[in-house]
Amino acid sequence: MTFAQRLADQQAAFGPICVGVDPHASILEAWGLPDNPAGLTRFSEILAQAFAGQVASIKPQVAFYERHGSRGMAALEGLIGTFREAGTLVISDAKRGDIGSTMAGYADAWLGDGPFGSDAVTLSPYLGVGALKPAFEKAAENDRGAFVLAITSNPEGTSVQGAGDPAAAQCVLNELGETNGRYWPGQPGSLGAVIGATAGERISSWSIDVNVLAGPVLAPGVGAQGATVQQAQVVAGSNLLCVPVSRAILRAGPDVTGLKNAHSAQNL
Ligand SMILES: O=C(O)c1cc(=O)[nH]c(=O)n1[C@@H]1O[C@H](COP(=O)(O)O)[C@@H](O)[C@H]1O
């Protein structure tokens with residue numbers, strides 16, 4: 001089954017809120033855990049108790065594992081394996097992007113069957129959407145997905161993403177839509193876009209058509225960055241909406257019931 005279909009099925013059962021797994025030093029401290037690989041492992045165990053098999057998806061931000069070197073990355077491998085075994089989709093937030101030949105290495109790492117193999121990965125299109133082709137091919141071959149940055153939740157992206165007419169962000173969405181149509185004709189594609197829940201005004205002022213994507217939209221920015229789930233619904237247009245929420249959920253930890261309630265409170 002395609003990633004797009006699996007995401008739709010999971011969200012029909014559990015709702016569109018994806019648990020953002022961002023173990024900032026301050027979150028570990030608030031949870032009474034050390035800022036080291038053992039702390040990350042314990043953090044993952046608590047998250048698994050609260051959410052494995054009980055939410056549609058999680059989005060681990062790999063930076064917070066990378067900062068602890070190989071033992072940090074081992075904790076990430078454990079997290080990915082535990083959640084995928086429980087049937088929860090894992091969207092690894094690695095924001096990769098490089099020339100095609102190098103991209104093939106990233107595609108193997110994040111969309112293959114190795115230790116970081118995930119259901120989907122986030123990608124950056126600055127080297128060109130076409131340069132990401134090895135990841136798109138791997139996604140099609142292995143029933144995985146990708147979310148490519150289009151209009152990010154932070155204000156600093158505006159000068160680059162809004163440049164040109166049509167805006168660069170529209171060009172990214174157009175190329176993704178064409179590629180979805182080629183790999184997954186007649187059905188929703190598994191190549192998604194990242195469109196911040198905070199991006200409503202930019203979408204209007206740049207005259208962006210998000211529906212050309214015909215794939216899922218990952219809309220971060222809800223909670224700590226000030227946007228609401230209703231704003232996220234607007235930016236996704238007619239595409240399937242997936243809403244990652246990190247700090248606004250994790251702040252309720254380490255109490256497992258508190259975490260579950262914080263997830264439900266955001267859900268539609
Ligand atoms: O790709 C992302 O997930 C992402 C894109 C974007 O435009 N803005 C954005 O905040 N993110 C990520 O989404 C998460 C947001 O975290 P919270 O603001 O705590 O919910 C972080 O992991 C960010 O790296």
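**Note on helix packing, overall form and ligand shell**

1. In this predicted model, the residues Pro37, Leu40, Thr41, Ser44 and Ala48 of H3 meet Arg71, Gly72, Ala74, Ala75, Gly78, Leu79, Thr82 and Phe83 of H5. By residue class, the contact of H3 with H5 divides into seven nonpolar, five polar and one charged. The axes of H3 and helix H5, which covers residues 69-85, come within 8 Å and cross at roughly 10°. Since angles under 35 degrees count as roughly parallel, H3 and H5 are therefore roughly parallel to each other.

2. Helix H3 (residues 37-51) also packs against helix H13 (residues 256-266), where the axes come within 9 Å and cross at roughly 60°. The two helices, H3 and H13, are therefore oblique to each other, and H3 passes H13 in a right-handed crossing. On the H3 side the contact is made by Ile46, Gln49 and Ala50, and on the H13 side by Val256, Leu259 and Lys260. The residues of this contact of H3 with H13 comprise four nonpolar, one polar and one charged.

3. A further helix pair is formed by H6 (residues 100-111) and H7 (residues 133-142), which pack at an angle of about 35° with their axes 7 Å apart. Here, too, the crossing is described by its hand, H6 passing H7 in a right-handed crossing. From H6, the residues Gly100, Met103, Ala104, Tyr106, Ala107 and Leu111 meet Lys133, Pro134, Ala135, Lys138, Ala139 and Asn142 of H7. Sorted by class, the residues of the contact of H6 with H7 are eight nonpolar, two polar and two charged.

4. Turning to the chain as a whole, the secondary structure of the protein chain comes to 13 helices and eight strands. Along its principal axes, the C-alpha trace of the protein chain spans about 50 × 35 × 35 Å. For 268 residues, a compact globule would have a radius of gyration near 18 Å, and the 17 Å of the protein chain agrees with that expectation.

5. Which residues come nearest to the ligand? Of the 18 residues around the ligand, these are Thr152, Ser153, Pro220, Ser246 and Arg247. The shell around the ligand divides by residue class into five nonpolar, 10 polar and three charged.

Technical notes. Residues are numbered from 1 along each chain as its sequence is written. This is a predicted model: local features need pLDDT of at least 70, side-chain atom pairs count only at pLDDT 80 or more; totals for chains, interfaces and linings use all residues. Axes are lines fitted to C-alpha atoms, for helices over the stretch in contact, and angles run from 0 to 180 degrees between N-to-C directions. Helices (H or I, at least four residues) and strands (E, at least two) are DSSP runs, numbered from the N terminus. Angles under 35 degrees count as roughly parallel, over 145 as roughly antiparallel, 65 to 115 as roughly perpendicular and the rest as oblique. A crossing is left-handed if the near helix is turned anticlockwise from the far one by less than a right angle, and right-handed if clockwise. Two residues are in contact if their C-beta atoms, placed from the backbone, lie within 7 Å. Ala, Val, Leu, Ile, Met, Phe, Trp, Tyr, Cys and Pro count as nonpolar, Asp, Glu, Lys and Arg as charged, and the others, Gly among them, as polar. A residue is near a molecule or strand if its C-beta atom, placed from the backbone, lies within 6 Å of it. The radius of gyration is taken over C-alpha atoms; the globule rule is 2.2 Å times the number of residues to the power 0.38.
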